[in-house]
Amino acid sequence: MEAKSSSESSFYLSGTNLLVLLSVALSVAAFVLDWTANRLPWQVTSLSLPLIICGVVTAGIGYGVVPLLVKLKTGQVIREDGPQAHLKKAGTPTMGGVFFIPVGIVCAAILSSFATNVVAVCLLSLGYAAIGWLDDWQILRRKSNKGISPRMKLALQIGFAVVFCLWLWWSQASITTVSLPFGYTLPLGLLFWLLAVFVLVAESNATNLTDGVDGLAGGTVAIAFLGLGALVAPTAPELMIFCACMSGSCLGFLVHNRNPARVFMGDTGSLALGGALAAVGLLSNSLWALFILSGIFFVETLSVMAQVGYYKATKDDNGVGKRLFKMAPLHHHLELSGWSELQVVAVFYLINVILVGVCLWLSS
């Protein structure tokens, strides 16, 4: 009986255990990736040092900012039609992106010696963070789940994407040929710019949809950034530094966002993270890798699209349709199917690690 209890306790799943496991796994992975690529882990041009610096700084700053967000009454408004277990989260401060996004951006700019590509990605990330902040602020001001209108949010996202693509066209006009695995290429010409705008907007929204469970978006994005950083390292070391910094910032944020969360990132954080991932993918010509690394975000988005499409297609005479999922995005469906938040987060982390492994294998 005692042996059984000991065995169960050794596999106890908690937000803190997941954070520790993820932090150790990413730190070890960064060290191994640096070592195998003949990079010294304690040098600036590595994955390890920027990851650790940003993780520690973000976690430390969070201890001052989170109480401030509580005093400013930035409590999250919880959907009444969502999982009932989430209602207890009402009042948890949101807008956490205001402290961990700037840490990643500032550290990346400094550590990369303000490399042009990094500055461009940082500016785009700040632009998307500003859109998210505006949306979060409107939600708090109105005390409802409705922020700025979807049309305005989309217009602003497209606007920043177009500006970024104009700069990209001016600086790298020949980037219109997309690299694929196994040495294949796909010349797109002018269609590339339409794809680029779509990728920026879609990735930011997909990351935003994934942010619905304590620690889910922060952890999956941290994994994706580290994987993307390893992939772009040989051709764009400055973007590797940016990715490592953002991955570390996400880990530092998870110190406060792990289950049970003391703060949520809000649209301020999620929109910026998605935009940053897409921008790095475009600049490094790694769209195929971005697609695989974003598998979780892609499936989450598909679940929402399928839910809405199925509901509209099955409407009866009273205008009421059927639901394909118990609730969308997918993580809410899993919760309503009996999964705990921690189980959802743990499985999604594992899937993202596997996706990173697939990318590294294909690139080799």
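Biologist: Is Asp 34 buried or exposed in this model?

Modeller: Keep in mind that this is a predicted model. Buried means under 20% relative accessible area. Asp 34 has a relative accessibility of 0%, so the label for Asp 34 is buried.

Biologist: Which residue forms a salt bridge with Asp 34?

Modeller: Look for a partner whose nitrogen comes within 4 Å of a carboxyl oxygen. The closest N and O atoms of this pair are 2.8 Å apart.

Biologist: How many residues apart in sequence are Asp 267 and Lys 153?

Modeller: Both Asp 267 and Lys 153 are buried. Asp 267 sits in helix H10 and Lys 153 in helix H6, so their pair ties together parts of the chain whose separation in sequence is 114 residues.

Biologist: Now for the rings: are the planes of Phe 99 and Phe 253 stacked, edge-to-face or tilted?

Modeller: A search of the whole structure finds 10 aromatic pairs. For Phe 99 and Phe 253, the centres are 5.9 Å apart. Planes under 30 degrees apart count as stacked and over 60 as edge-to-face. The planes here are at 50°, so the pair is tilted.

Biologist: Which helices hold Phe 99 and Phe 253?

Modeller: Both of these residues are buried. The pair ties together parts that are 154 residues apart in sequence, because Phe 99 and Phe 253 lie in helices H4 and H9.

Biologist: Is Trp 42 buried, partly exposed or exposed?

Modeller: Trp 42 is found in the loop between helix H2 and helix H3. Trp 42 also belongs to a nonpolar patch on the surface, together with residues including Val 20, Phe 31 and Trp 35. The cut-off for exposed is over 50%. With 58% relative accessibility, Trp 42 therefore counts as exposed.

Biologist: What distance does helix H12 reach from its first C-alpha to its last?

Modeller: Helix H12 has 19 residues, and at 1.5 Å a residue the expected length is 27 Å. The value in the model is close to that, at 26 Å.

Methods: Residues numbered from 1 in each chain as written. Predicted model: local features only at pLDDT ≥ 70, side-chain atom pairs only at ≥ 80, totals over all residues. Heavy atoms only, no water. Phe/Tyr/Trp six-rings, centres within 6.5 Å; stacked < 30°, edge-to-face > 60°. Helix = DSSP H or I, 4+ residues; strand = E, 2+ residues; numbered from the N terminus. Buried < 20%, exposed > 50% of the residue type's maximum accessible area, 1.4 Å probe, protein only. Patch = residues over 30% accessible without salt bridge, like charges linked within 9 Å, V, L, I, M, F, W, Y side chains within 5 Å. Areas by Shrake-Rupley, 256 points an atom, 1.4 Å probe, with all protein chains shown as cover. Salt bridge = Lys/Arg side-chain N within 4 Å of Asp/Glu carboxyl O. Expected span 1.5 Å × (residues − 1).
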